[in-house]
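Here's a quick tour for anyone meeting this structure for the first time. Take a look at the model, then read on.

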There are 2 protein chains.
Amino acid sequence: MAVKMKDIADDLGISLVTVSKALRNHPDISLKTRERVAARVQELGYRPNLAARSLVTGRSMLVGFVVPDLMHPFFADVAKGLSAVLREKGYFVIISSSEEDPELECKEIEHMMAHRLDALVVASSQSSAEALAPIQQSGTPLILLDRYFDNFEAHFVGSDDYNAGKIATEHLIEIGCKRIAHIQGPDTSPGSRRLKGFLDTMRKHGLEVPPEYIIKAGSGDVEGDEHGIQALRTLQSLKRPPDGIFCFNDVIASGVILEAVAQGIDVPKTLAVIGCGNLHSNRLIRVPLSSVDQRSNEIGRRAAKLILDIVQAPEGTKPAGTKRVVLQGGLVVRASTDRGGISSRPGKKIGKG
Amino acid sequence: MAVKMKDIADDLGISLVTVSKALRNHPDISLKTRERVAARVQELGYRPNLAARSLVTGRSMLVGFVVPDLMHPFFADVAKGLSAVLREKGYFVIISSSEEDPELECKEIEHMMAHRLDALVVASSQSSAEALAPIQQSGTPLILLDRYFDNFEAHFVGSDDYNAGKIATEHLIEIGCKRIAHIQGPDTSPGSRRLKGFLDTMRKHGLEVPPEYIIKAGSGDVEGDEHGIQALRTLQSLKRPPDGIFCFNDVIASGVILEAVAQGIDVPKTLAVIGCGNLHSNRLIRVPLSSVDQRSNEIGRRAAKLILDIVQAPEGTKPAGTKRVVLQGGLVVRASTDRGGISSRPGKKIGKG
């Protein structure tokens, strides 16, 4: 038989209202009484019925997180940072996956919203924000993560993807690459911003980018290494194959390296390869992979802090407008771009990462 | 202003009770009425208040899943299978991580239970079931995943870890290894069962296992590759280093291969290496890694089906006792054990995997 709030009240000879207020740390209740209630709660193993409390406080203590792929280490690491910070304040994260499918994403959000979330974090696979507008109208704080939309005002936490493209491209140019290709990500803001960072940097250095050097790789999910394999085959079939490739992410870059080794191409001498995300596994693969560290765990932690700022703000003091938290990444050089020149310290972090 | 159940009732000229029953697919309500209600719900964008409904039905539509590590691809894949099946029936999975810390696990469970879960799935880091007993007493269905406890009766879904140890060890013996070491996992059932499968198989083949050939690697989390590196250094410092290693999991095995390559050891000729789990990344690493496929996604799906059987059983027909679902894995041979002999077809699955 579960212990009820009334048992605690009877036991301490105080009213049910006092116990209820004490449990919510209401200022009406003295610290001493709050401590007595807390001690009794501990002793009796009382578990507050959060479904009932949710009706009273309007808070579910649940934060939803829709990720495009549970298997992608980037989102796993973001989720880890997000959960760690929210957990300390008693909030739980419901994670669900859209499998990079915009339609499934809408259904997931629809289901999640039925749970009266205190906040919803979405790494969206939509190509426009149309489907996300109703969330904001419903009053549930919406935090876009990793991916944002032009002309859609919402909280955002993510990387400076334009700068990530710039850092990776400048590194390839610095080690002597002249014919640099880009394996492009999905049509989300990271995909288009990294592409723009790449193109602008190439232009700035007076380097040509023939159209066949931009390969569309599809989504960067767990099967992304297969996209990398296919993309390298296409690039190697060109009359003038590239001498450097900037890949949208590390999973794609891993596939490129797998295929390069299979074709007997010397990485980094004949072909230098750099990814983005700085996955833990980068040091384990055939040729250890250079990358731009996105600080994925920190992205999750910052998102959690933003949520706490929003939901814990006292009535009437809610911050106006939306907040953008943009983290700067840093270059991590490993063997895949280590040509023994100036940036040749393997595993050395360069920049703010 | 949110649409309420009453708006739908008024709109259709039926009672609130009828709408409520229709939304729960109550047999009192005709199919035609249920369809009319469903159509109106769709048009008006009504979202049932699940917090309120939970008080009526006693169901939260939430399933908790405590994993030891969000970053470990095995648990990410299990979570994916679990979520996919439960989602179809409107259930959501709350994932949280214990970081392989038994004390944190207790706190996570405590918090989760406050949410009135319909079921709790735990891949436990405890060394005994003491902390899990109160869950069963509370009446919330408990499903142990991947790890079980002797003398603790509970639902279980996981691999046949004894057989995994046997399959891996027999493969190493078959390709000619004589001095086989084992890098042991944590003190959970997979760790002890794989060890026992290894030891029994070695004994059956009359092969000696000196005590220094059993290395304790600590927990198999994302930093497990570091454990593999350290373990190989210890083994290589022996007077007679092993010619084969069965590693508790693929992450540890990846570290062993990284260190073997660094030391200039020929894998698989001088040293054959096999892991367990068959991670997607196995084909990407320095020497592609042989493994025992645990069918992680299927473990998640089976756990979901078991949960649905339990929570959707009509009153009075709940299945008595507990259920054990034990999946058989299969051998997957790659370069790390491919010595050109009988089991030399790289990537070829052998067995039931």
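## Where the chains meet

In this predicted model, the rule picks out 18 residue pairs in polar contact across the interface of chain B and chain A, both residues at pLDDT 80 or more. Salt bridges turn up there too: the rule finds 8 of them. One pairs A:R87 with B:E108, whose closest N and O atoms sit 2.3 Å apart.

What does chain B bring to the side that touches chain A? At least two residues each come from α4 (50–57), α5 (73–87), β2 (92–97), α6 (102–113), α10 (224–236) and α11 (250–262) of chain B. The biggest giver is α5(B), with 7 residues. Sort the residues on this side of chain B by type and you get 26 nonpolar, 12 polar and 14 charged. Overall, the contact takes 52 residues from chain B and 53 residues from chain A. Together the two chains bury about 4,700 Å², 59% of it on carbon and sulfur atoms.

Most residues other than glycine have a negative phi, and most peptide bonds are trans. Here are some exceptions.

In chain A, the bond from A:V267 to A:P268 is cis, with omega near 15°, and A:P268 sits in the loop between α11 (250–262) and β9 (272–274). In chain B, a cis bond joins B:V267 and B:P268, with omega about 15°; B:P268 lies in the loop between α11 and β9 (272–274) of that chain.

As for positive phi, A:N151 has a value near 60°. A:N151 belongs to the loop between β4 (142–145) and β5 (155–159) of chain A, and counts as exposed because its relative accessibility is 85%. B:R295 has a positive phi of about 55° and lies in the loop between β10 (291–293) and α12 (296–311) of chain B. At 25% relative accessibility, B:R295 counts as partly exposed.

Terms used:
Residues numbered from 1 in each chain as written. Chains lettered and ligands numbered in written order. Predicted model: local features only at pLDDT ≥ 70, side-chain atom pairs only at ≥ 80, totals over all residues. Heavy atoms only, no water. Contact = heavy atoms within 4.5 Å. Buried area = accessible area lost by both parts, 1.4 Å probe. Salt bridge = Lys/Arg side-chain N within 4 Å of Asp/Glu carboxyl O. Polar contact = N/O pair within 3.5 Å; in protein donor to acceptor, adjacent residues only side chain to side chain. Helix = DSSP H or I, 4+ residues; strand = E, 2+ residues; numbered from the N terminus. Nonpolar A, V, L, I, M, F, W, Y, C, P; charged D, E, K, R; others polar. Buried < 20%, exposed > 50% of the residue type's maximum accessible area, 1.4 Å probe, protein only.
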